[in-house]
Amino acid sequence: MIKWFIEMNFPTLVIIVYMSAFLMINSIFPKKINAVFAQSLVLTVIEMIAYCAELWTASLDRPTALRIFLSAVGYSVRPMICYLFVMLLLRDKKISDLSRALIILPMPINMLVAFSAFFTDIAYSYDSANKFVRGPLGFSAHIVSIIYLIIMMVLTFRKFCNKDYSEGLLVFLIVIVNVIAMLMESFAGMHGVIRNAYTLSIVLYSSFFCVESFKRDPLTGARNRRCLYIDSEKHRAELTAVVSADLNDLKKINDIQGHAKGDEAICAVVNTIENVLSKGCTLYRTGGDEFVILCTGTEQSTVEKMLDDIRSEMKNTPYTCALGAAYITAEDFDKVCARADAEMYKDKQKYKDLCGGEIRA
């Protein structure tokens, strides 16, 4: 029995051990993200044990209450793992209590349907020869899982709309792989395919977060200086302009209102700029209050309009920022950035000449 269990689940067991060790020593992910990955691993272990034990009870010559219980556990746990993927996608979103309740609701409904097998055959039952008989609600777990996968696809579409292509593509692939796994297990009689898809998806998603932690600024979520130089080299042939941006009066904000307000001002600049970035443009935080925008395949008129839009949108905040653009020539990237900085400092000087550098109310 133990030998058969290990042979059937060895890849999954190895992944669970590796991921568990990684989560214990991981200091990169926020605690909330670590907790979600830990929960997904626990659910995977529960599903694996319940599924394999249920296969053993299927070999008996008559149905047992234990088989019904194990089946119900397996049917209940699988949609929960999909739900956790949804929570990863919604990690930075503010969700109302009603929306959260509606997202959670399919899970307890599915659990009630699964455990109803003790009293009714509406979900599934076993005949006198211990053969599985699917009831009218026998695909409840699949339907609920698909509901969560559809939610993931909707959130993925929004990420594409917000130009977050890397996570969007990753989640799209996770959804496709898990749908294929469901079809293979439900209609082709393959064992453990869904679990393997889940565990590999967990590893892939955690790898994405590792990469993002090295690419992103932890305060604002904008790409960092390391990523700026990687992307500038990667897209050198398509670069058309570099924009330098700098928050005005950050030192005064920190001195008078405190560093928390300074962080708030930095985040406000990032949010404002990212809301009006033109297609092909990417924002990077390169220092405390310093930012760079790389523009690829963008005409000069489009860049100038984007700068006007940033200035206009900043008027809706208590802050201002200086902006300067340099257009790509044959010179190296550092010199283009230097020209953009020079234009930005000219803009900053205009601001100081107008208001003496005071914080605008």
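**Strands, rings, cysteines and a pocket**

Modeller: Let's start with a strand pairing: Arg 223 has Tyr 284 in S5 as its bridge partner. Keep in mind that this is a predicted model.

Biologist: Which way do S3 and S5 run, and how many bridges join them?

Modeller: Strand S3, residues 223-224, runs parallel to S5, with two bridges between them.

Biologist: And what stands opposite Tyr 284 in S6?

Modeller: Val 292 does. S5 and S6, residues 290-296, run antiparallel and share five bridges. The two strands form a hairpin, with four residues between them.

Biologist: How many residues of S5 are buried?

Modeller: Four of the five residues in 281-285 are buried, so strand S5 is largely enclosed by the rest of the structure.

Biologist: Switching to aromatics. How many aromatic pairs are there?

Modeller: The count is 17 aromatic pairs. Take Tyr 75 and Tyr 124: the ring centres are 5.3 Å apart and the planes sit at 55°, so that pair is tilted. Tyr 75 belongs to helix H3 and Tyr 124 to strand S1, so the pair ties together parts 49 residues apart in sequence.

Biologist: Are those two buried or exposed?

Modeller: Tyr 75 and Tyr 124 are both buried. Another pair is Tyr 205 with Phe 208, edge-to-face, at 6.1 Å centre to centre and 65° between the planes.

Biologist: Where do Tyr 205 and Phe 208 sit in helix H8?

Modeller: They are three residues apart in H8, residues 193-215, which means about one helical turn separates them. Tyr 205 is buried at 0% relative accessibility, and Phe 208 is buried at 10%. Both belong to a cluster linked by ring pairs, whose members include Phe 22, Phe 37 and Phe 85.

Biologist: Cysteines next. How many disulfides does the search find?

Modeller: Zero, across the whole structure. For Cys 210, the nearest cysteine sulfur is that of Cys 227, 16 Å away.

Biologist: Last topic. How much space lies in the second largest pocket, and what lines it?

Modeller: About 480 Å³. The lining has 22 residues, and among those nearest the centre are Tyr 51, Tyr 75 and Arg 134. Helices H2, H3 and H7 and strand S2 each supply at least two lining residues.

Biologist: How many of the lining residues are charged?

Modeller: Six are charged, six are polar and 10 are nonpolar.

Notes. Residues are numbered from 1 along each chain as its sequence is written. This is a predicted model: local features need pLDDT of at least 70, side-chain atom pairs count only at pLDDT 80 or more; totals for chains, interfaces and linings use all residues. Side-chain values use heavy atoms; hydrogens and water are left out. On a 1 Å grid over the protein atoms alone, a cavity is a set of points where a 1.4 Å probe fits but cannot get out, and a pocket is an open set with protein on both sides within 12 Å along at least five of seven lines; lining residues have an atom within 4 Å of a point. Grid points are joined across faces, edges and corners, and a volume is the space filled by probe spheres set on the points. Ala, Val, Leu, Ile, Met, Phe, Trp, Tyr, Cys and Pro count as nonpolar, Asp, Glu, Lys and Arg as charged, and the others, Gly among them, as polar. A disulfide is a pair of cysteine sulfur atoms within 2.5 Å. Buried means under 20% relative accessible area, exposed over 50%, partly exposed in between (1.4 Å probe, protein chains only). Two strands pair if DSSP finds at least two bridges between them. Rings of Phe, Tyr and Trp (its six-membered ring) pair if their centres lie within 6.5 Å; planes under 30 degrees apart count as stacked, over 60 as edge-to-face and the rest as tilted.
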